Amino acid sequence: MERYICIHAHFYQPPRENPWLEAVEIQDSAAPYHDWNERITAECYAPNAASRILDGKGRILNIVSNYSRISFNFGPTLLSWMEKFSPDAYAAVLQADRQGAELYSGHGNALAQVYNHMIMPLADSRDKRTQVKWGIRDFEHRFKRPPEGMWLAETAVDNETLNILAGHGIKFTILAPRQAAKVRKIGTGKWKDVTGGTIDPARAYLYKLKSGRRINIFFYDGPISQAVAFEKLLDRGEDFVNRLLSGFTDVRNWPQLLHIATDGETYGHHHRFGDMALAYALDHIEANGIARLTNYGEYLEKHPPTHEVQIFENSSWSCIHGIERWKSNCGCNSGGRPGWDQQWRGPLRESLDWLRGQLAFRFEHKAKQYVENAWKARDDFIEVVLDRSEEGVNNYFKRHAKIELSLDEKVLMLKLLEMQRHAMLMYTSCGWFFDELSGIETVQVLQYAGRAVQLSEDIMQDNLESAFVKRLSAAKSNLPEHENGTVIYKKFVKPALIDLKKVAAHYAVSSVFEENIDETEIFSYTVRSGDYRKITAGMASLAIGRTTVSSNVTWDSGDICFCVLHLGGHAVNGGVGAYFGESLYRAMKEEMVRAFEKGAFGDMIRLMDHHFGTHNYSLIHLFRDRQRKILNLLIADTIEGFVDTYTTIYDTNRILMGFILEEGGMPVPKAFRAAAELTLNTSLRRALSEDELDEDRIQELVRDFRRWNITIDSPDIDFSLRRRFESMMNRLQARPLDLNYLLEIEKALELIKLLPAEINYWHMQNIYYKMADAFCREMSLKASQGDEEASRCLSTFKYLGELLNFNVSAFQKGKNL
């Protein structure tokens, strides 16, 4: 009988966007990357689109897309981020779905996912429907086809959820083996108990719903999936293959499906180079005809269910207690924190459930004045989330509004709908998954709740927040300094709240340090200058003006005036207030300018308090990325001074230190090593950034690194080199017959190979691989016609491949070059 293998990867990251800015701000814990999305993309999502298959010596034989040969789902919120910030990886995912359809009888590899990873059995009926509708529509928007399957967050399931999936045309979902209760052959009366994960995972099962609808369920192989995720099975591709094949048995008399399901981040992020173990396994299985690779859609078409199943409702793959992990202190946690508990989970969910009810009432009561059906309007709001253009929003209101809406009415409806979007985002599963109430994932869902509350209060002019925050006090933190949910909300949510004035303050303070500010995009806001004047006197400067701030999400806007006094360094004081007309604004402006030109800075502070109130804005009120940029600008001269001082120490003492090390046999003093580390790394960065590399200088620096046993600042150097070589390889594609340029790349690569550091050639290798086929064919043809320069270009290009760690001879055969 036929044997099939399907590997499913669930790719997902919790939404990390600031709820007010709709953007992920810089996360230092992800350094040297900007944030964790970017880091995990570099470690997992991008490598799986171009994974290496190596020979026995670790040289590259081939580069393949794992996505094209596995089943996968990506969280819609993650794909939204990738589309903007990692477009190459995003495009590779979409292309892989199309490639899967070519390989697997017209069935693409991608599955949809419930929109923002909500635990579906704990959601109310309205949220369940919207999560499914949004997940399907997001999928259709990206993959240009309807989804066959849908992934449920944490595989958490109940009958109502499955009924909604089936009602929306979803053919199948994937569950853990312990979620199966009973099975029987279709058409027979006797059920077999399969509790404890004893269901045979090697086939599809039919699930009949009370509504008369039907949906198919695949139960993945639990032990093998567990081994892949947690037992270091990906350390060797051979071990991975053998473990997969162990799931087959000759006892079965039907076409067996061996399938596993894990977090997709297993392949590269959780297990370094796990993507290559996966690539090796897929290639080995396919090349040796051990089994047929497939996806769920193809297998289901070829081998429809012969058995039906009953499931355990309110169960999941990551909580042995069902779905208690997302509502109680069940004992499931990340571990390593003796004495901690998760009693906070229940009160947190109860507080959010109460808030959801309050927001639903307000939404329905207010929205029905403007739209035919408030909840249908919410279901379709995904169209606006996917297309926030003016045309897209207006088309949406044409479909749903009772009458033609004014601009103010559109703003109100957008706020109501955004309130509902955040009321769903606040249920993202990660908020309950980990151990502590003050953890970043839980604070994130509280910030979504805070944004929903802010929008509600803006519309209804009531005080919903105080009642909500009071309820949070029942959720107790494990950390004494954080006390409870009320304290955490006040510490981490209230200071994060952003309104139009805060955006204007960010703009005003930034304007002191930047030029060309007539119109600028600040994350999800647009700021247009109405009037602006900047005056400088010595180290002091004054920025004063008025501006219009508009939200690109809710279309809300306001005219705001500001005044910022910069006394040099980080000493910034600013005031921001509503614009109350030209005469009042002009009077304020003239008063401030007169005081500044007199040097009466103390009077200016008092005047700002008078005109704008006592709340002053400074550098600490800048949004994090811009704040970091300006602080780096402010300390640049200071850092340069440090470098000069340390360089002087190093240059003055290096001969003596050399004598101490080599003749005296003494260890080099730590103080000198510190000077050498900063000096050499700075010098190397500068040498590598020169338009033309100085071979002698770089070799001298490499000798000094080795002499003093100094570690190269690899991430910093690696980023600089990557940009340089990517640019060079891209330019090579445009000028392939330029032998001198090829030799320049060769020289640069030979130099870099000398560095005692781990340099990531991944991007360069990808560019080389993509252009190798066409380049070598063209050069070979010209060389065969007697073109000596083409022959030298071809030889040099192959040598570049060796420097980039390709097995060039095997690579040539594989490419038929």
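User: Let's start with strand 17 and strand 18. In which sense do they pair, and over how many bridges?

Analyst: When reading a pair of strands, look at direction, then at bridges, then at the turn. Keep in mind that this is a predicted model. Strand 17 and strand 18 pair in the antiparallel sense, over ten bridges. As a landmark, take Thr547, whose bridge partner in strand 18 is Ile560. The hairpin has five residues between the strands, and Trp555 takes a positive phi near 65° there.

User: Which strand is joined to strand 17 by twelve bridges?

Analyst: That's strand 16 (residues 525–537), and the two run antiparallel. Find Asp531 and you'll see Arg546 of strand 17 opposite. This hairpin has two residues between its strands, and Gly538 in the turn has a positive phi of about 65°.

User: How many residues of strand 17 and of strand 19 are buried?

Analyst: In strand 17 (residues 540–551), ten of the twelve residues are buried. In strand 19 (residues 572–578), the count is five of seven. Both are mostly covered.

User: Now the charges. How should I read a salt bridge, and which residue does Lys415 meet at 2.3 Å?

Analyst: Side chains of opposite charge can pair when their charged atoms come close. Here, Lys415 forms a salt bridge with Asp458, with the closest N and O atoms 2.3 Å apart. Next, check where the partners sit: Lys415 is in helix 14 and Asp458 in helix 16 (residues 440–460), 43 residues apart, so the pair links distant parts of the chain. As for cover, Lys415 counts as buried at 9% relative accessibility, whereas Asp458 is partly exposed at 37%.

User: Where do Glu22 and Arg421 lie, and what does their pairing tie together?

Analyst: Their side chains meet in a salt bridge at 2.5 Å, N to O. Glu22 lies in the loop between strand 1 (3–11) and helix 1 (36–45) and Arg421 in helix 14 (residues 407–425), so the pair ties together parts that are 399 residues apart in sequence. Glu22 is partly exposed at 30%, but Arg421 is buried at 8%. Zoom out a bit and you get a network of salt bridges linking Glu22, Arg388, Glu418 and Arg421. The structure holds 43 salt bridges.

User: Last one: how do I read the whole chain?

Analyst: Count elements, then compare size with length. The chain has 29 helices and 19 strands. Its radius of gyration is 31 Å, close to the 28 Å that the globule rule gives for 817 residues, so it is as compact as a globular protein of that length. Of those residues, 56% count as buried.

Notes:
Residues are numbered from 1 along each chain as its sequence is written. This is a predicted model: local features need pLDDT of at least 70, side-chain atom pairs count only at pLDDT 80 or more; totals for chains, interfaces and linings use all residues. Side-chain values use heavy atoms; hydrogens and water are left out. Buried means under 20% relative accessible area, exposed over 50%, partly exposed in between (1.4 Å probe, protein chains only). Helices (H or I, at least four residues) and strands (E, at least two) are DSSP runs, numbered from the N terminus. Two strands pair if DSSP finds at least two bridges between them. The radius of gyration is taken over C-alpha atoms; the globule rule is 2.2 Å times the number of residues to the power 0.38. A salt bridge is a side-chain nitrogen of Lys or Arg within 4 Å of a carboxyl oxygen of Asp or Glu.
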